[in-house]
Amino acid sequence: MADKVSKMVKEKPAVIFSKSTCCMSHTIKMLFSDFGANVTVYELDEMPKGKEIEQDLARRGYNPPVPVVFIGGELVGGTNEVMSLHINRSLVPMLKRAGALWV
């Protein structure tokens, strides 16, 4: 499963592993949407192998396992890390460098 997660992350400029029922996942998705970023969202609770992916993320130390954000194939982190980057104005430049944002 780890190879699958790695492939899912490397194929897209920005990836959010999320759950459709998670309020923090919703917050992060809305933030990226407000930027107009090209983000791939994987709703783990709506995917056939979502539970396995969630368990893999937890094994990697992501606690809680959602939301987890990757930009340019690199782990950014969860809600706290993303919001910190946004507050210090580093998030948009990261998205631009990864090709997830063109403005």
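Visitor: Why are H2 and H5 called roughly perpendicular to each other?
Guide: Helices here are DSSP runs of H or I with at least four residues, strands are runs of E with at least two, and both are numbered from the N terminus. H2 and H5 pack at an angle of about 70°, with axes 12 Å apart. Axes are lines fitted to C-alpha atoms, for helices over the stretch in contact, and angles run from 0 to 180 degrees between N-to-C directions. Under 35 degrees counts as roughly parallel, over 145 as roughly antiparallel, 65 to 115 as roughly perpendicular, and the rest as oblique. H2 and H5 are therefore roughly perpendicular.

Visitor: What kind of model is this, and how are residues numbered?
Guide: It is a predicted model, where local features need pLDDT of at least 70 and side-chain atom pairs count only at pLDDT 80 or more, while totals for chains, interfaces and linings use all residues. Residues are numbered from 1 along each chain as its sequence is written, and side-chain values use heavy atoms, leaving out hydrogens and water.

Visitor: Which residues of H2 and H5 meet?
Guide: Leu31, Phe32 and Phe35 in H2 meet Leu91, Val92 and Leu95 in H5; contact means heavy atoms within 4.5 Å. The residues of this contact divide into six nonpolar, no polar and no charged. Ala, Val, Leu, Ile, Met, Phe, Trp, Tyr, Cys and Pro count as nonpolar, Asp, Glu, Lys and Arg as charged, and the others, Gly among them, as polar.

Visitor: Is leucine 31 buried or exposed, and how do you know?
Guide: Buried means under 20% relative accessible area, exposed over 50%, and partly exposed in between (1.4 Å probe, protein chains only). Leucine 31 has 12%, so this residue is buried. Beyond its neighbours within four places in sequence, leucine 31 is in contact with Val82, Met83, His86 and Leu91. Leucine 31 and histidine 86 are 55 residues apart in sequence, with C-alpha atoms 9.1 Å apart in space.

Visitor: Which residues touch the most other members of the largest nonpolar core?
Guide: Phe32, Val69, Ile71, Val82, Leu91 and Leu95, out of 15 residues. Such a core is a set of buried Ala, Val, Leu, Ile, Met, Phe, Trp, Tyr and Cys residues joined through side-chain atoms within 4.5 Å. H2 gives the most to this core, with three residues.
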